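Work through the exercises below with the sequence and the structure open beside you. Each task is followed by a solution that goes step by step.

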Amino acid sequence: MRKPLLTEKQLVKGCKSHKSASQKEVFCRYAPLLRSICYRYASDDLEGEDILQESFVKIFSKIESFTWQGDGSFVKWMKRIVVNKAIDTYNKNKKEVQTVDIESVEEPSDPDLIETESSFADVLNNELSEENLIQSLNKVSESYRVVFNLYVLEGYRHKEIAEILNIDEQTSRSRLKRAKKQLQKILKEACMQKMKSVI
Amino acid sequence: MKELGDIEQLYRKKLEGHQLTKDNDSWEAIKSKMSKPSFFRFSPSRMNAYYIGALSIISVAAAANYGPGLYRTITSPQPEKEVTISAPAHTTKITKKEFVVEEEELIAEPELIVETVTEPKVKAPVIQPEPVKIVSPEKEPAKEEISIEVPEPVVENKEEDQTITAPAQTGVVYVKSESVVRKDTVKVKKRRVRKRK
């Protein structure tokens, strides 16, 4: 018979006692969820895996500072550590800061894109998998990608993002627009390839 | 512009709670990364830095108590040894420094630092004129009874100071008045210690 699954609270207790079995259980249970976050911020799989490993090391070493606040609080806490670790990695990798004025962001004016709008949307929704979306996001410039992740997927506001990344609020807005524009272009190419492969 | 909004919705919808499973040895890598911090964290159930520190302290203490011979081979400078030679005239302190002799200087004699301690000043015996008792004014010329305070513990050189022969019991000396020699100072011969080459 299989052992009954430990609750989140029991796992936290085990991790606080530095039990290797509890730590491994936490890793096995939550690594896929946290890996998805890491890969969104990383430029490639290798960097994503590095962020994941360092995040787990930090999680287990800082577990004493975590206080239980009901179900889901542990996952939320771990997600925050992963996002912070990803931002740290971004700050390390940052070599040149690209500052773009909001006025300089151009609206997409590709006529082909408008023509194939309906099919494009269908492919986006139905054909492209989650992995395809992450891979497309990896191709976006790092400084735009991190803003896109924080705003769209983590739910931060521009003011908070500006504080986290030590940039202007306006820069955060412009980077988000740039990120979306780049992403649109990349996704379009991915859709075209998908459509060609179907035909 | 509509597409840009769609992209946001698309990502939110598809990646919310998304899980990415990979078959790799990430757990082993995490374990190895965690091994160092856990080594420095105290845990009664496993060997860590605290246990190793305690063991080393105990072993050093045990070796110091039960095996002092083990540490004779240590070539660190030994502490100064004080040799006190008590001469009859004075006290001489010879401080002997022992060095760690290098290979080339093996023949060299250890340096001797001779420190001569100055003799404590000897106070001349205080001759008190009173009470003077004339024992027999008719027979003898003049004998005076003089009480002298003899500072016995101060004067170490009793052999040289032969002019005053004071019986230790009474402290009263019978001397002729002319023969009282007053000594203010005591000369001390310095003993030279030759340095051997």
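**Exercise 1. The interface by area**

Task: State how much area chain A and chain B bury between them, and which three residues of chain A supply more of its share than any other three.

Solution. In this predicted model, chain A and chain B bury about 3500 Å² between them, and 62% of that area lies on carbon and sulfur atoms. Counted by contacts, the interface brings 43 residues of chain A together with 27 residues of chain B.

**Exercise 2. Polar and charged links across the interface**

Task: Find how many salt bridges and how many residue pairs in polar contact join chain A and chain B, and then identify the helices of chain A that take part in the interface.

Solution. Begin with the salt bridges, of which there are two between chain A and chain B. In one of them, Asp45(A) is joined to Lys22(B), with the closest N and O atoms 3.0 Å apart; this pair qualifies as a salt bridge because the cut-off is 4 Å. Next, take the polar contacts: 10 residue pairs, both members at pLDDT 80 or more, are found across the interface of chain A and chain B. Then turn to the helices, where α2 (20-41), α3 (45-61), α6 (117-127), α7 (130-138), α8 (142-153) and α10 (169-198) of chain A each supply at least two residues of the side that touches chain B. The most comes from α2(A), which gives 10 residues to that side. Finally, sorting the residues of the side of chain A that touches chain B gives 21 nonpolar, nine polar and 13 charged.

**Exercise 3. The setting of His158(A)**

Task: Decide whether His158(A) is buried or exposed, and list what it touches beyond its neighbours in sequence.

Solution. First locate His158(A), which belongs to helix α9 (residues 158-165) of chain A. Its relative accessibility is 8%, and therefore His158(A) counts as buried, the limit for that class being under 20%. Leaving aside residues up to four places away in sequence, His158(A) touches Tyr151(A), Glu169(A), Ser172(A), Arg173(A) and Leu176(A). With Ser172(A) there is a polar contact between the two side chains, at 2.8 Å. For Leu176(A), which is 18 residues away along the chain, the C-alpha atom is separated from that of His158(A) by 9.3 Å.

**Exercise 4. Aromatic pairs**

Task: Count the aromatic pairs in the whole structure, and explain why Phe74(A) and Trp77(A) are separated by about one helical turn.

Solution. A search over all chains gives nine aromatic pairs. Phe74(A) and Trp77(A) form a stacked pair, with 6.0 Å from centre to centre and 20 degrees between the planes. Both residues lie in helix α4 (residues 73-93) of chain A and are three residues apart, so about one helical turn separates them. Phe74(A) and Trp77(A) are both buried.

**Exercise 5. Chain A as a whole**

Task: Describe the secondary structure and the burial of chain A.

Solution. Chain A has 10 helices and zero strands. Of its 199 residues, 46% count as buried.

Definitions and conventions: Residues numbered from 1 in each chain as written. Chains lettered and ligands numbered in written order. Predicted model: local features only at pLDDT ≥ 70, side-chain atom pairs only at ≥ 80, totals over all residues. Heavy atoms only, no water. Phe/Tyr/Trp six-rings, centres within 6.5 Å; stacked < 30°, edge-to-face > 60°. Helix = DSSP H or I, 4+ residues; strand = E, 2+ residues; numbered from the N terminus. Buried < 20%, exposed > 50% of the residue type's maximum accessible area, 1.4 Å probe, protein only. Contact = heavy atoms within 4.5 Å. Buried area = accessible area lost by both parts, 1.4 Å probe. Salt bridge = Lys/Arg side-chain N within 4 Å of Asp/Glu carboxyl O. Polar contact = N/O pair within 3.5 Å; in protein donor to acceptor, adjacent residues only side chain to side chain. Nonpolar A, V, L, I, M, F, W, Y, C, P; charged D, E, K, R; others polar.
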